[in-house]
Number of protein chains: 4
Amino acid sequence: MALSEAQQQEIDALRQETAPTRRAVVPALEEILYQPFPLLDHGFLRVIDYMGDDTAIVQAARISYGKGTKKINQDQGLINYLMRHRHTTPFEMCEIKFHAKMPIFVARDWIRHRTANVNEYSGRYSILGKEFYIPAHDQVCGQSTTNRQGRSTPLNDQERNRVLEILEADARQVYGHYEEMLNADEEGNLIDPNRSGLARELARMNLTLNYYTEWYWKIDLHNFLHFLSLRADSHAQYEIQVYAHKMLEILKLWLPYTYEAFMRYKFNGMHLSEQAIDVVKKVIRGEKVTQESSGMSAREWREFLEQLNLEEQAIAA
Amino acid sequence: MALSEAQQQEIDALRQETAPTRRAVVPALEEILYQPFPLLDHGFLRVIDYMGDDTAIVQAARISYGKGTKKINQDQGLINYLMRHRHTTPFEMCEIKFHAKMPIFVARDWIRHRTANVNEYSGRYSILGKEFYIPAHDQVCGQSTTNRQGRSTPLNDQERNRVLEILEADARQVYGHYEEMLNADEEGNLIDPNRSGLARELARMNLTLNYYTEWYWKIDLHNFLHFLSLRADSHAQYEIQVYAHKMLEILKLWLPYTYEAFMRYKFNGMHLSEQAIDVVKKVIRGEKVTQESSGMSAREWREFLEQLNLEEQAIAA
Amino acid sequence: MALSEAQQQEIDALRQETAPTRRAVVPALEEILYQPFPLLDHGFLRVIDYMGDDTAIVQAARISYGKGTKKINQDQGLINYLMRHRHTTPFEMCEIKFHAKMPIFVARDWIRHRTANVNEYSGRYSILGKEFYIPAHDQVCGQSTTNRQGRSTPLNDQERNRVLEILEADARQVYGHYEEMLNADEEGNLIDPNRSGLARELARMNLTLNYYTEWYWKIDLHNFLHFLSLRADSHAQYEIQVYAHKMLEILKLWLPYTYEAFMRYKFNGMHLSEQAIDVVKKVIRGEKVTQESSGMSAREWREFLEQLNLEEQAIAA
Amino acid sequence: MALSEAQQQEIDALRQETAPTRRAVVPALEEILYQPFPLLDHGFLRVIDYMGDDTAIVQAARISYGKGTKKINQDQGLINYLMRHRHTTPFEMCEIKFHAKMPIFVARDWIRHRTANVNEYSGRYSILGKEFYIPAHDQVCGQSTTNRQGRSTPLNDQERNRVLEILEADARQVYGHYEEMLNADEEGNLIDPNRSGLARELARMNLTLNYYTEWYWKIDLHNFLHFLSLRADSHAQYEIQVYAHKMLEILKLWLPYTYEAFMRYKFNGMHLSEQAIDVVKKVIRGEKVTQESSGMSAREWREFLEQLNLEEQAIAA
């Protein structure tokens, strides 16, 4: 990420202003407000605004006239209870707003979360910046053979270097042509006074999907947690995980009790199917179970053992 | 509205605390934060929290790294432009949270606005309070004959008094029976140690629809404006209009430019159909138009003339 | 449920018409289309329309140009996989539309599911029918002491009879007064030509929450399953469970593979927290665990044992 | 659009099957069901399924037990009334499902309509096809100077040819490199047995935004009309307008009354601001109005005159 000097100054100016408020304030989040956290090679995530703190959840859950808090351990217990029992409406009472910059292919997955508010930089209205994503060496990986949607281990040096060479060269070339078609450079300066230049809404189609875009993105806490449960998951594409993991850190600063409850009951939890419950019960009773007797498919059985870090013989023999 | 002393103290305590924040602050809204505005006979509306101000809209529209503002008239011009051209996403970047108390029949209409976050007082979990809505004298009106959904003029004294007598007596009676069935009074005190009492989730069904409920309600600005355009409209039921009109006052304090743009382009605007545009064009050209030549149905024609405060002869003769 | 003769004739007429379609057709659902299933004392549920069958899910998942099906066991395997791994978008490709009649207090819980389309009978526009819900004898239960939101066992005869007497008498009385205030009976016949009658939108507030309302309700399959997972759950109020359980039967007719996957992976599954996973792992390794060493609260521990039908000593001693 | 022979056969097979249904059937839509309508150079739109017809709207509006229809002119009058008065819930009772293929930059605008169900072809899971969009000659236009988001007139031959040459050559080059990095061709055939190949989820980032993607897309009628009002509008980008205009034709086949009401009251209507209403009133009264006296900004004034096809002097002098 290379913020321009002007951008950095705007951020600094914003950070220097404070004003008194009667609203719930979270000092740990104020500390980082507006600051860009660099992600990938040119992306970032900035918290722009937030509404509510952990007590705002208990306040709404108790339909309070005041803060709604009781003893700290009762408040935390309530948050745990609400999380465990899927009482989701009080979690919708907090809201967070980010400014994020990410490659277009990441944005395309991200936008699929519909219950959020988004205002994206427009390539019809403005010229897109010359910034594209090139993966770090350890992320240039082969196709996973067990997971059709995933990647496996890093490519060897030779193959990796060729990939990086291609990505870099093609990205540079398409941007050069983008400028040529626009008849304008990145800053909007006219190139050739004798040409008209192509409309921005058309020229943009020549850019590759690793070009960066940016948006303001606002979401309520309940849907934010849902986003995190899917995008911070190890099956999500690495490039979006990076954003989700930074968000998890931010969540921890913002709402420490909610973060703890989320990690405990959702993120680090697991779901057992009817058959898996049965297997667990049998094992606890000391009975032996095999895939055949489990009622699970081979794939489910493998997933089940993995999730519990079990060796097959531990329960089958 | 009769807040208990304890409730009033909780509110006062909340209002006395302030803390510094780097977020956008709206002093005029801070001024009234947490305060209950009495509405109808026992209802109220309180602003609990808010996110953003007018500049947050331009900040998002410009995908800014700082405040995003330019000159004040440019900012206002941008807000007007966005409102006029239905660029709605920047308006989703503000959010407001209310605590509201209203009759159940009002809540039933209100909840139909789905793009909002709600946490309602639960009659399964708690005993509902003994507060019910009785309309003011000038609101005890007959059925409208022109609008199947509306009311007309006030009833005469005799009919009105009988209505008020019925509403009051029935509401009191059903609550008495509610307590009897619960075997508990409003405060939860046991009535008869020899009876079990009916489950709360069942006993509540004996209450009438004018009993008050309350909820925390949070909504983004775009959907808030949509709510206001429908519920502050003169065709909405009076009892929900009262809440919407108070919200309009709050909107004016919170986001003065957005309020002005909303009133100008949406709330006080009107929609012309294809046929109505044609009529307007003809009239401007000095041609005469009648319902027959307008292509409108009799009802549309009447609505059209009313909206423009036109006498039929002004354009037809 | 007492359908009028005219209503029954309308339904019969609809059921007699068939026409050829190229769309996916589910004969088992066609069989019951439009038929009212009586629920509670005066309610019902009718399937009005549906879109898609099990193969529509695999068709969308495979972005097919044709039916999208392969071998039946591959299609079922795919549906199981999608359900297990929370790939929810293909399930949104089916849609179902119901006509339902239920007590207002049930409708108030039901409507909280926002991702659905609803058109409700309007008490502003029409006179509400004289039908109210009276619980069956075995449903007149006391308050649960372990679950603040639930009910326990049936009341004794004396207490129950008094409850039923109250509910019945109050419901009749408020409706009589509703008619008197309207100055019209249930069919809209004028009562007293010398009185104006109160506006419908006001008179309705005198009805109790056990009066029936009705609506058309349409939802996509993914959100339908979410509704079922919450409302067919044993913690939901009995009166809404009744509707959800009937919907489960309908789901089984409509989409047998999806039904099976839903029951297996969601409805009859359970969620383990991080701590619960740890306990299960320890037990499988033959270690002893107690509440104290589990990292769970007393309440969580109790819930955990219950979900696995475990006696404490089985794992603690 | 070049459907493979296998794809065409799958479609033909689907079209040959019919089965009887009791549901609402629209013969004109059945006629075109599953057929791809070619759009742009390689895209298409196919109707996959639908729920409801015009009578389904009146059926829901009247909460009917049967078809809900009265006389045809009453049904049409009701649809007009609902459209005119923004009673949107009955329109949500119809649903339509499409299979669409379009350039990624079109998909990026399209997906911003959140109230829809989408299942997109996955570049993580599968290899993307070698099809990219090249604008037709008359669409290779310069940047509009009056509308920052739009295009103006076609470029001259020389400039246009250079643009087309660039787009074509870059698209071919990035796809060649995509295959090289994947170490597989479009059909998935291994290229070099000595290389691993890059993961699909990474290789896809080298494709340009004019590559085609496809999805299943399902939406209710109310939100469909909203989509059309924005995307069939002359200010939308031409490439998405093409899809929206085809959808308008399909709407006309599917729901002729709704189509007519939509065109009349929404699509071909216009919105007047408070100031514009005032100007219209003055003009009708024979008063003169200028921009200065209108209370409108210069830009609003120009837009207003354009919308009514008015010359300034017609009302100002």
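**Ground rules.** Buried, in these notes, means under 20% relative accessible area, exposed means over 50%, and partly exposed lies in between, with a 1.4 Å probe and protein chains only. Helices (H or I, at least four residues) and strands (E, at least two) are DSSP runs, numbered from the N terminus. I am working with a predicted model, in which local features need pLDDT of at least 70, side-chain atom pairs count only at pLDDT 80 or more, and totals for chains, interfaces and linings use all residues. Residues are numbered from 1 along each chain as its sequence is written, chains are lettered from A and ligands numbered from 1 in the order in which they are written, and side-chain values use heavy atoms, with hydrogens and water left out.

**Entry 1: a helix in chain A.** I began with helix 11 of chain A, residues 274–284, and found it mostly covered, with 8 of its 11 residues buried. The buried ones are Gln275(A), Ala276(A), Ile277(A), Val279(A), Val280(A), Lys281(A), Val283(A) and Ile284(A). Just after this helix, Gly286(A) takes a positive phi of about 90°.

**Entry 2: the sheet of chain A.** Next I traced the strands, counting two as paired if DSSP finds at least two bridges between them. Chain A has an open sheet of 5 strands in the order 2-3-4-8-5, with antiparallel pairing. Strand 2 (37–39) and strand 5 (117–120) of chain A are at the edges with a single partner strand each, so one side of each has no neighbour in the sheet. Neighbouring strands here are turned by 25° against each other on average, direction ignored; the axes are lines fitted to C-alpha atoms, for helices over the stretch in contact, and angles run from 0 to 180 degrees between N-to-C directions. I then looked at strand 3 (residues 43–51) and strand 4 (residues 95–103) of chain A, which are antiparallel and share 7 bridges. Met51(A) stands opposite Glu95(A) of strand 4 there.

**Entry 3: the sheet of chain D.** In chain D I read an open sheet of 5 strands, ordered 2-3-4-8-5 and paired antiparallel. Its edge strands are strand 2 (37–39) and strand 5 (117–120), each pairing on one side only.

**Entry 4: strand 4 of chain C.** How many residues of strand 4 of chain C are buried? I found 9 of the 9 (residues 95–103), so this strand is largely enclosed by the rest of the structure. Strand 3 (residues 43–51) of chain C runs antiparallel to strand 4, with 7 bridges between them, and Asp49(C) stands opposite Lys97(C). Strand 8 (residues 212–220) of chain C is also antiparallel to strand 4, joined by 9 bridges, and there Phe98(C) faces Trp217(C) as its opposite residue. A reminder to myself: in a regular strand the side chains alternate between the two faces of the sheet.

**Entry 5: two positive phi values.** Tyr34(C) is not a glycine, yet it has a positive phi of about 75°. I located Tyr34(C) in the loop between helix 2 (27–32) and strand 2 (37–39) of chain C, and it counts as buried at 4% relative accessibility. Asn183(D), also not a glycine, has a positive phi of about 60°. Asn183(D) lies in the loop between helix 6 (157–182) and helix 7 (200–203) of chain D and is buried, with a relative accessible area of 1%.

**Entry 6: how the chains relate.** I superposed copies by least squares on the C-alpha atoms of residues with pLDDT of at least 70 in both. A rotation of 180° with 0.0 Å of shift along its axis puts chain C on chain D, with an RMSD of 0.0 Å. That is the relation of a two-fold axis. The C-alpha of Pro20(C) is the nearest to the axis in chain C, 2.1 Å away. Chain D goes onto chain A by a rotation of 180° with 0.0 Å of shift along its axis (RMSD 0.0 Å). Thr208(D) comes closest to that rotation axis among the residues of chain D, with its C-alpha at 2.0 Å.
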